[in-house]
Amino acid sequence: MKIVVIGGSGLIGKKVVQNLRELGHDVLPASPSSGVNTVTGEGLAGALAGAQVVVDVANAPVWEDQAVLEFFQKSGRNLLAAEAAAGVGHHVALSVVGTERLLDSGYFRAKMAQENLIKAASIPYTIVRATQFFEFVNGIAQSATEGSTVRLPSALFQPMAASDVAVFVAQAAVAQPVNGMIEIAGPEPIGIDHAVRKYLDAKHDARTVTTDAHARYYGIEVNDQSLTPGQHPRLGPTHFEEWLKNAN
């Protein structure tokens, strides 16, 4: 089966490509660096010729509110139109757990717009909503740093390893479309402040994590339900402590 992976050179995309190839599929990684640009439409028709499945794990290059919205809208419209023209039978997209609860953020408004385009299109689809990746914990720390202090809320999230995300996305690609959403998450919830504290300790980083109930997560106020999955998510096997040991 020919499967095109949009964003196939990124953190998740490279792992999805590898997983699908190991399953014996004909996989084409597609990204601007390989001449396929979903925003301009360049190279899309050629890449999608003969494809049965398209997996979209591309992320926006910039997160400014208007720019990120334009990226996901233009990319989504161009990609879905090209898939319809090519007769693609399954569109798989990676999104974020809690998107509808995080709409104070321009990024999540853009992800919601992407999801709505997929739902309104004629192509059978599966949206895989993932929690935050362990690999993003450093970025969370950076975003909340003021001098030598990292100010974060104790709200729960349920992060997971990028490698586990890629396994679930590959599984969705070779399964039948669900015409709905699948939620995936790490094996256990943990406080955002606690996770960052553990990460900085493991990296011997001298910054101090201060717990502040009113601190924001990328500019958004969050609670224990904002970033955690609903009932019966599919859980990745990798624990945060295990990932930390291997990340050092």
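User: Which residues line the largest cavity?

Analyst: This is a predicted model, in which local features need pLDDT of at least 70 and side-chain atom pairs count only at pLDDT 80 or more, while totals for chains, interfaces and linings use all residues. Residues are numbered from 1 along each chain as its sequence is written, and side-chain values use heavy atoms, with hydrogens and water left out. A cavity is a set of points, on a 1 Å grid over the protein atoms alone, where a 1.4 Å probe fits but cannot get out, and lining residues have an atom within 4 Å of a point. On these terms, the lining of the largest cavity is made up of Phe134, Pro159, Glu188, Ile190 and Phe240.

User: What volume does the largest cavity have?

Analyst: Grid points are joined across faces, edges and corners, and a volume is the space filled by probe spheres set on the points. The structure holds one cavity of 30 Å³ or more, and the volume of the largest cavity is about 40 Å³.

User: Why is the pair of Tyr199 and Trp243 stacked, rather than edge-to-face?

Analyst: Rings of Phe, Tyr and Trp (its six-membered ring) pair if their centres lie within 6.5 Å, and planes under 30 degrees apart count as stacked, over 60 as edge-to-face and the rest as tilted. The structure holds eleven aromatic pairs. In the pair of Tyr199 and Trp243, the centres are 6.5 Å apart, and the pair is stacked because the planes lie at 20°.

Terms used
On a 1 Å grid over the protein atoms alone, a cavity is a set of points where a 1.4 Å probe fits but cannot get out, and a pocket is an open set with protein on both sides within 12 Å along at least five of seven lines; lining residues have an atom within 4 Å of a point.
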